[in-house]
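The sequence and the model come first, and the explanation follows.

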Amino acid sequence: MAVPSVAVQRPPSILSRLAESRNALGLGFMLPAAALLLVFLTYPLGLGVWLGFTDARIGRPGIFIGIENYQYLWSDGVFWLSVFNTLLYTISASILKFVLGLWLALILNENLPFKSFFRAIVLLPWVVPTVLSAIAFWWIYDSQFSILSWALQQMGLIDHPINFLGDPTNARASVIAANVWRGIPFVAITLLAGLQTIPQSLYEAATLDGASRWQLFRHVTLPLLTPIIAITMTFSVLFTFTDFQLIYVLTRGGPVNATHLMATLSFQRGISGGQLGEGAAIAVAMIPFLLAAILFSYFGLQRRRWQQGGGD
C-alpha cells in the first residue's frame, strides 16, 4: 500500500516577509527623503562644524586650529553686536507677528462678506519673493525719494525726510517693520486654520453659561489653539532668526553694523571676506538658539495631553 506524500511547507523567504511588512514598506518610502536630508542637510552641517575649527579661506583648505575662531569671536565686539541685533530683531518681530497675526486670524474667522477674497489678499506679502519685497521697502525707505516721508510731509507731520536706513535706531525699526509685514500672513493663515478646527458647540455652551467674548477667547480659543501657536511661532522664530535676504538687500548690515544679524555677518566674514573658518564659526554659534526654539515647540506641544484628557 502506497504511503501518501505530505507536502512540506517552506518558511517564507526574507524578501517575501519584508514585502508584507508595513514597517519595511514605510522605511522604503522614507529612504529617498532620508537620502536627500543626508546630502543637503547633514553633510553641509557637518562640513560647517568642521570648517569652524579650521583656518580655511576661499581657495585654501586650511588646517585644524581648534577653538581659535571661537576665542576670537568671544572678544569680537561686532560679533556680540550681531548677536544683540539678532535677538532684538527676532524677539520684536516675532511678538509683533504673533499679536497682529492672531488679531487678523480672529477677524478672518468671522462671517465677513468676500471672506475668501480677503484671505487671498492677506497671503500676498508671503508669496511675493523676499528680494522683491526688500526692493519695494528700499524704495519706501529711500532717504530722498521715500514715499512714506513724502506722505508724512504732505500731512504736515514732519518738515523734512526721515533717514530710515541711515540712522542706526531708524534702521533697526525699519527692517523689523519690513519683516513683520512679510511674516504676518504666515502666522495669520496658520492660526486661522487652527481656529476653524475648534468645534462651535464649545462656544455655544460657553455662551449659554454667560461667558463674555474675552472669556470665550481666554478659556476656549487660546487653550485649544496652543499646539498650533507653538508650531507656528517656532517656524516664525526660525525664519526670523535666520533671515538674510531682507537685511542684505536693504542695509547689508549697516549703518555701522546696526542691522548686522548673525547670518549676514557670517556671510560677510566667510564669503565676502574670504574667511571661511570664521564665517562657519559664526554660523555654528547660531545652533544653540535654534535648538532653544525647537525645544519651545516640543514643550508647547505637550499641551495636547491636557486637551485629550491626560495629565500635563
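**A guided reading of the model**

Arg 60 is partly exposed, as its relative accessible area is 36%; buried means under 20% relative accessible area, exposed over 50%, and partly exposed in between, with a 1.4 Å probe and protein chains only. This is a predicted model, in which local features need pLDDT of at least 70 and side-chain atom pairs count only at pLDDT 80 or more, while totals for chains, interfaces and linings use all residues. Residues are numbered from 1 along each chain as its sequence is written, and side-chain values use heavy atoms, with hydrogens and water left out.

Arg 60 forms a salt bridge with Asp 55, their closest N and O atoms being 3.8 Å apart. A salt bridge here is a side-chain nitrogen of Lys or Arg within 4 Å of a carboxyl oxygen of Asp or Glu. Asp 55 is also partly exposed, with a relative accessible area of 25%. The structure holds 4 salt bridges, and the others are taken up again below.

The protein has 16 helices and 0 strands; these are DSSP runs numbered from the N terminus, helices being H or I with at least four residues and strands being E with at least two. Of its 312 residues, 35% are buried. Among contacts with a separation of 6 or more, 68% are between residues 24 or more positions apart, where contact means heavy atoms within 4.5 Å. The protein exposes about 19,500 Å², and carbon and sulfur atoms supply 70% of that area; accessible areas come from the Shrake-Rupley method with a 1.4 Å probe, and for residues only the protein chains shown count as cover.

Next comes the interior. In soluble globular proteins, nonpolar side chains tend to be buried together. The largest nonpolar core has 36 residues, and those with the most contacts inside it include Tyr 89, Leu 104, Tyr 141 and Leu 191. Such a core is a set of buried Ala, Val, Leu, Ile, Met, Phe, Trp, Tyr and Cys residues joined through side-chain atoms within 4.5 Å. Two or more residues each come from helix 4, helix 7, helix 9, helix 10, helix 11 (213–241) and helix 12. Helix 9 gives the most, with 11 residues. Leaving out residues up to four places away in sequence, Leu 191 touches Phe 98, Gly 101, Leu 102, Ala 105, Leu 225, Ile 228, Ile 229 and Thr 232. A second, separate core of 11 residues includes Leu 73, Val 83, Ala 263 and Ala 281.

Helix 7 (residues 130–140) has Thr 130, Ser 133, Ala 134 and Phe 137 as its buried residues. Seen down the helix axis, these fall within an arc of 100°, so they line one face of helix 7; the arc is that of the directions from the helix axis to the C-beta atoms. Their cover includes helix 6 (124–127), helix 9 and helix 12 (245–250).

What lies on the outside? A nonpolar surface patch with about 850 Å² of accessible area together includes Leu 87, Trp 103, Leu 112 and Phe 289. Patches are made of residues with over 30% relative accessible area and no salt bridge, like charges being joined within 9 Å and nonpolar side chains (Val, Leu, Ile, Met, Phe, Trp, Tyr) within 5 Å. Helix 4 (residues 77–108) gives the most to the nonpolar patch, with 8 residues. Leu 112 sits in the loop between helix 4 and helix 5 (115–122) and is partly exposed at 33% relative accessibility.

Glu 110 and Arg 213 meet through their side chains at 3.9 Å, N to O. This pair links distant parts of the chain, with Glu 110 in the loop between helix 4 and helix 5 and Arg 213 in helix 11, 103 residues apart. Glu 110 is partly exposed at 38%, whereas Arg 213 is exposed at 69%.

Arg 269 and Glu 278 form a salt bridge at 2.4 Å, N to O. Arg 269 is buried at 14% relative accessibility, and Glu 278 is buried at 12%. Shared partners join Asp 76, Arg 269 and Glu 278 into one network of salt bridges.

Last is the backbone. Most residues other than glycine have a negative phi, and most peptide bonds are trans. Gly 254 and Pro 255 are joined by a cis peptide bond, with omega about -5°. Pro 255 lies in the loop between helix 12 and helix 13 (262–272). Val 256 has a positive phi near 45°, and Asn 257 has a positive phi of about 65°.
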